[in-house]
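Please look at the fold shown here, from the whole chain down to single residues.

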Amino acid sequence: MDSVLYGSLPKASSLTTGANFWTTKCRAHNYHASSYAPKASWHKWKFHKEYSVLRFRQSSLSHHYKGIGGGSTHQESNRRYVVKAASGQSFESEPQAFDQKSILDSVKNSLDAFYRFSRPHTVIGTALSIISVSLLALEKLSDISPMFFTGVLEAVVAALFMNIYIVGLNQLSDVEIDKINKPYLPLASGEYSFGTGVTIVASFSVLSFWLCWIVGSWPLFWALFVSFVLGTAYSINVPLLRWKRFAVLAAMCILAVRAVIVQLAFFLHMQTHVYKRPAVFSRPLIFATAFMSFFSVVIALFKDIPDIEGDKIFGIQSFSVRLGQKRVFWICVSLLEIAYGVALMVGAASPCLWSKAITGAGHAVLASLLWYQAKSVDLNTKASITSFYMFIWKLFYAEYLLLPYVR
C-alpha cells in the first residue's frame with residue numbers, strides 16, 4: 001500500500017530540481033532587465049507566480065509525504081514534545097523519590113536494629129521499676145510536684161543508659177553463642193560490626209555516669225556504679241570474671257541489681273536527694289525488696305531455659321544445663337506462686353481497706369494467670385518456652401504496677 005501511495009506522488013528530488021531551475025531562470029531575467037524592461041517585467045511577474053505555486057506544492061507534498069511514510073506531522077511533533085517533557089519530569093523525580101525511600105528505609109532499619117540491641121523487655125522493666133519505687137517515697141499529695149518528676153526523669157534516663165551498656169556488653173561477649181541462641185540480635189546477625197557494638201556500649205556507659213555527675217545524687221551514683229561492676233563481671237570474658245558461666249554467681253548478679261539496688265538505691269535517691277528527708281525503710285519498701293528477690297531469682301533461672309543448646313556447646317554451666325529444662329521450669333513457677341501467696345497475706349494485713357482490695361485481687365489474678373499459662377507450655381518447643389519467658393516479664397511489669405498500692 002505504501003508503494004502505491006509513494007508512486008502516485010512526485011518525488012521530492014524532482015521538485016527540488018524544478019525549484020533550482022526556476023531560480024536560475026529568475027537570475028537570467030534579472031541580468032537582461034536593464035535592456036528589456038517592459039518585457040522583463042512581464043516575465044518577472046509570470047516567473048514569481050509560477051515559482052510561488054511550485055513552492056507551495058512542494059511544501060504541501062513534502063508535508064503529506066512525511067505523514068504517509070511514517071514521518072511526524074505538526075500535531076504529532078507537538079504531542080511528542082509534550083510526552084518527552086512529561087517523561088523527562090518523571091525521570092528526574094524518580095531518582096529523588098528513590099533516594100527519599102532509601103533514606104527512610106535506612107533510618108527504619110537502623111532504629112529496628114538498635115531496638116533489638118537494647119533488649120526492650122529489660123528497658124521497660126527498668127523504667128517501670130524506677131517509677132514504681134519512686135512512688136513509694138510519696139508521703140502526701142503535695143509531694144507530686146515538678147521536683148518529683150524531675151527526680152524520676154533523672155533516675156530513669158541514667159539507669160536506661162546503664163541498662164544499654166549492660167545488655168550491649170553481654171552481646172559483645174556472646175556473639176558466637178547468640179548465633180545459635182539469638183540469631184536475630186544485631187551483632188549475631190552481622191547488622192552491627194564488633195566495632196559498632198563497642199562504640200555504642202562505651203558511649204552509653206559514659207553518658208550514664210556523666211548524667212549522674214550533673215545530677216549530683218549519691219544514691220543514684222552507687223546504683224549505677226554497682227550495676228556497672230556487676231554487669232561487667234557477669235559478661236566480660238577475662239580471668240576470674242564472666243560470672244555467667246557459674247549458675248550461682250550469675251543468679252546473685254541479677255538478684256543484687258533487680259531486687260536490691262533498684263529498690264533501695266532509687267528509693268533513697270527520691271527520699272534523700274529529691275525530698276531531702278532522712279533515709280527510712282518503710283513497710284512497702286521492705287515488701288518490694290523481698291518480693292522482687294523471688295522474681296529476680298526466677299528471671300535469672302528462667303532466662304537460660306531457652307538458651308540451653310548454645311550454653312551446652314560453649315560450656316555455660318547454667319541451672320538448666322545442670323538440672324534440666326523441665327525441673328528448672330517448675331522450680332521457677334513454684335517460686336512465683338509462693339511469692340504471690342506471701343503478697344496475698346501482706347495485702348490482707350494492710351490497715352487500709354483499698355490497699356487490701358487492690359493488692360489482694362491483683363495478686364490473686366496474677367497467680368491464676370501464671371498457673372494457667374504454665375500448664376499450656378510445650379517444653380520441647382523453644383518458641384513456646386521463649387513465649388512463656390516473655391510472659392514472666394509481663395508479670396514483672398504488672399507487679400510494679402501493684403507495688404505503689406501496698407501500704
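The protein chain has 17 helices and zero strands. Helices (H or I, at least four residues) and strands (E, at least two) are DSSP runs, numbered from the N terminus. This is a predicted model, in which local features need pLDDT of at least 70 and side-chain atom pairs count only at pLDDT 80 or more, while totals for chains, interfaces and linings use all residues. Residues are numbered from 1 along each chain as its sequence is written, and side-chain values use heavy atoms, with hydrogens and water left out.

**The chain as a whole**

Of the 407 residues in the protein chain, 41% are buried. Buried means under 20% relative accessible area, exposed means over 50%, and partly exposed lies in between (1.4 Å probe, protein chains only). Now take contacts, meaning heavy atoms within 4.5 Å. Among contacts between residues at least 6 apart in sequence, 75% join residues at least 24 apart.

**Helix α5 and its partner**

Helix α5 covers residues 120-135, and helix α17 covers residues 382-402. How long should α5 be? Its 16 residues should span 22 Å at 1.5 Å a residue, and its end C-alpha atoms are 23 Å apart, which agrees. The expected span is 1.5 Å times one less than the number of residues.

The axes of α5 and α17 come within 9 Å and cross at roughly 15 degrees. Axes are lines fitted to C-alpha atoms, for helices over the stretch in contact, and angles run from 0 to 180 degrees between N-to-C directions. The two helices are therefore roughly parallel to each other. Angles under 35 degrees count as roughly parallel, over 145 as roughly antiparallel, 65 to 115 as roughly perpendicular, and the rest as oblique.

Which residues make the contact? On α5 they are H121, T122, I124, G125, L128, S129, S132 and V133. On α17 they are Y389, M390, W393, F396, Y397, Y400 and L401. By class, this contact has ten nonpolar, five polar and no charged residues. Ala, Val, Leu, Ile, Met, Phe, Trp, Tyr, Cys and Pro count as nonpolar, Asp, Glu, Lys and Arg as charged, and the others, Gly among them, as polar. The buried residues of α5 include H121, T122, G125, S129, S132 and V133.

**Two arginines in loops**

R119 has a phi near 55 degrees, a positive value in a residue other than glycine. R119 sits in the loop between α4 (74-117) and α5. R242 also has a positive phi, of about 55 degrees, although it is not a glycine. The place of R242 is the loop between α10 (218-235) and α11 (247-274).

**Accessibility of selected residues**

| Residue | Relative accessible area | Class |
|---|---|---|
| R119 | 15% | buried |
| R242 | 5% | buried |
| T232 | 15% | buried |
| Q271 | 3% | buried |
| D112 | 39% | partly exposed |

**Three residues in helices**

T232 belongs to helix α10. Leaving aside neighbours within four places in sequence, T232 is in contact with Y165 and L169.

Q271 lies in helix α11. With neighbours within four places again left aside, Q271 is in contact with A137, E139, K276, R277, P278, A279 and V280.

D112 is part of helix α4. How far apart are D112 and P186 in sequence and in space? They are 74 residues apart in sequence and 9.4 Å apart in space, C-alpha to C-alpha.
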